[in-house]
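Subject: Structure handover and notes

Dear colleague,

Please find the structure below. My notes on its aromatic pairs, salt bridges and one surface patch follow it.

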Amino acid sequence: MLLNWTVMILYNYFSAMFVGPGYVPLGWTPEKSQDCMYLQYCKVCQSYKAPRSHHCRKCNRCVMKMDHHCPWINNCCGYQNHASFTLFLLLAPLGCIHASFIFVMTMYTQLYNRISFGWSSVKIDMSAAKRDPRPIIPFGLSAFAASLFALGLALGTTIAVGMLFIIQMKVILTNKTSIESWIEEKAKDRIQYYQTGETFIFPYDMGSKWKNFKQVFTWSGIPEGDGLDWPIRDGCHQYSLTIEQLKQKADKRVRSVRYRAIEDYSGACCPVTKGVKTLFTTPCSEEPRIALSKGDLILATRGLNHWMYGEKILDSAADGAIRERGWFPRKCVEKCHYDSETDQPVDGEKKNR
């Protein structure tokens, strides 16, 4: 049984790793040219982002139905490997629970055969069994310590991976991804902030948990669809989600604030020379840091007490400006104060937050 768990776990693990999530073809455009107005354009892949796809900085490609980039499989979890990845998250805790049961019963049996009760004390002799002179497996102190350590690993894996499985099943049963859940939350915040009165309905929820489940898990192991076109619920537009993404992107540009670098910053994750508070409050994120030179211009979109996230403007000539995104220390920059005649903010950018 334990070998069976191991084979199934490794099969789904390597399937998720080597099959991959599936990528949007380079240079892809929708069949109808007028649909391009509803989609974002990826400058790296030189193609439009298909519905539910996102560009992964680690894979350097636009991933179909991207959920997240997983460092443990060194690949993205998306359209083609979402089922294999979720099965791995299910089977790994089940196998670890089985292994934990074996470890607990083994240690209990071995200790029971080596324990002696006296009138005033309880003694454990790990050198030999008291009741069973012929143990099946020699069990000394080192073996007991190794079994105890393995039990801790098995229980830790059960809890950690089991929580990830629960999270994945929640988004699968609503036919969403982790990124799409975040987009939906931001849509609610945007509507509430501007009081537009509109209602955002997630278009890919089929209205039934079973139907949503079948969008990922099939008997053939091949997910439904082609990863580019998706079935939608009644009353929704094919590009409802991408239209909302464009609105959020425009809102982010409007609410961004221009800063100018007043100190150099090397781009280190934990800069020692920028103060103790900056050092110990570095963002716990895989998002990159950007190096700054004095005089650089940055459009900040969000921030913490001692860090900010934004885009460094490398070419401010036009809308197609090349920008570098990442975190940087707040103390290295100051807000720009514009002169009405010489220095004007870019289009859609607010002077004050």
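Rings of Phe, Tyr and Trp (for Trp, the six-membered ring) count as a pair if their centres lie within 6.5 Å; planes under 30 degrees apart make the pair stacked, over 60 edge-to-face, and the rest tilted. This is a predicted model, in which local features need pLDDT of at least 70 and side-chain atom pairs count only at pLDDT 80 or more, while totals for chains, interfaces and linings use all residues. Residues are numbered from 1 along each chain as its sequence is written, and side-chain values use heavy atoms, with hydrogens and water left out.

Aromatic pairs

The structure holds 12 aromatic pairs. One of them joins Tyr 13 and Phe 88, whose rings are 5.3 Å apart centre to centre with 50° between the planes, a tilted pair. Tyr 13 lies in helix α1 (residues 2–19) and Phe 88 in helix α2 (residues 82–112), so that the pair links distant parts of the chain, 75 residues apart. Helices here are DSSP runs of H or I with at least four residues, strands are runs of E with at least two, and both are numbered from the N terminus.

Phe 88 is buried, at 18% relative accessibility. For this term and its counterparts, buried means under 20% relative accessible area, exposed means over 50%, and partly exposed is in between (1.4 Å probe, protein chains only).

Phe 14 and Phe 18 form a stacked pair, because their ring centres are 6.0 Å apart and their planes are at 10°. Both belong to helix α1, and being 4 residues apart there they are separated by about one helical turn. Phe 14 is partly exposed at 39% relative accessibility, whereas Phe 18 is exposed, with a relative accessible area of 62%. Ring pairs link Tyr 13, Phe 14, Phe 18 and Phe 88 into a cluster.

Salt bridges

A search of the whole structure finds 10 salt bridges, each being a side-chain nitrogen of Lys or Arg within 4 Å of a carboxyl oxygen of Asp or Glu. Glu 184 and Lys 176 form one of them, at 2.3 Å from N to O, and both residues are buried.

Another salt bridge joins Arg 325 and Glu 311, at 2.9 Å from N to O. This pair links distant parts of the chain: Arg 325 is in strand β12 (residues 323–329) and Glu 311 in strand β11 (residues 307–313), 14 residues apart. Arg 325 is partly exposed at 42% relative accessibility, while Glu 311 is buried at 9%.

Glu 324 and Lys 312 also meet in a salt bridge, at 4.0 Å from N to O. Glu 324 is in strand β12 and Lys 312 in strand β11, 12 residues apart. Glu 324 is partly exposed, with a relative accessible area of 33%, and Lys 312 is buried, at 9%. Salt bridges with shared partners join Arg 190, Glu 198, Glu 244 and Lys 247 into one network.

Positive patch

Lys 43, Lys 186, Lys 249, Lys 252 and Arg 253 form a positive surface patch. Patches are made of residues with over 30% relative accessible area and no salt bridge, with like charges joined within 9 Å and nonpolar side chains (Val, Leu, Ile, Met, Phe, Trp, Tyr) within 5 Å. Helix α6 (residues 240–255) gives the most to the positive patch, with 3 residues. Arg 253 is in helix α6 and is partly exposed, at 44% relative accessibility.

Regards

Terms used:
Areas by Shrake-Rupley, 256 points an atom, 1.4 Å probe, with all protein chains shown as cover. Lys, Arg positive; Asp, Glu negative; His and termini not counted. Charge placed at Lys NZ, Arg CZ, Asp CG, Glu CD.
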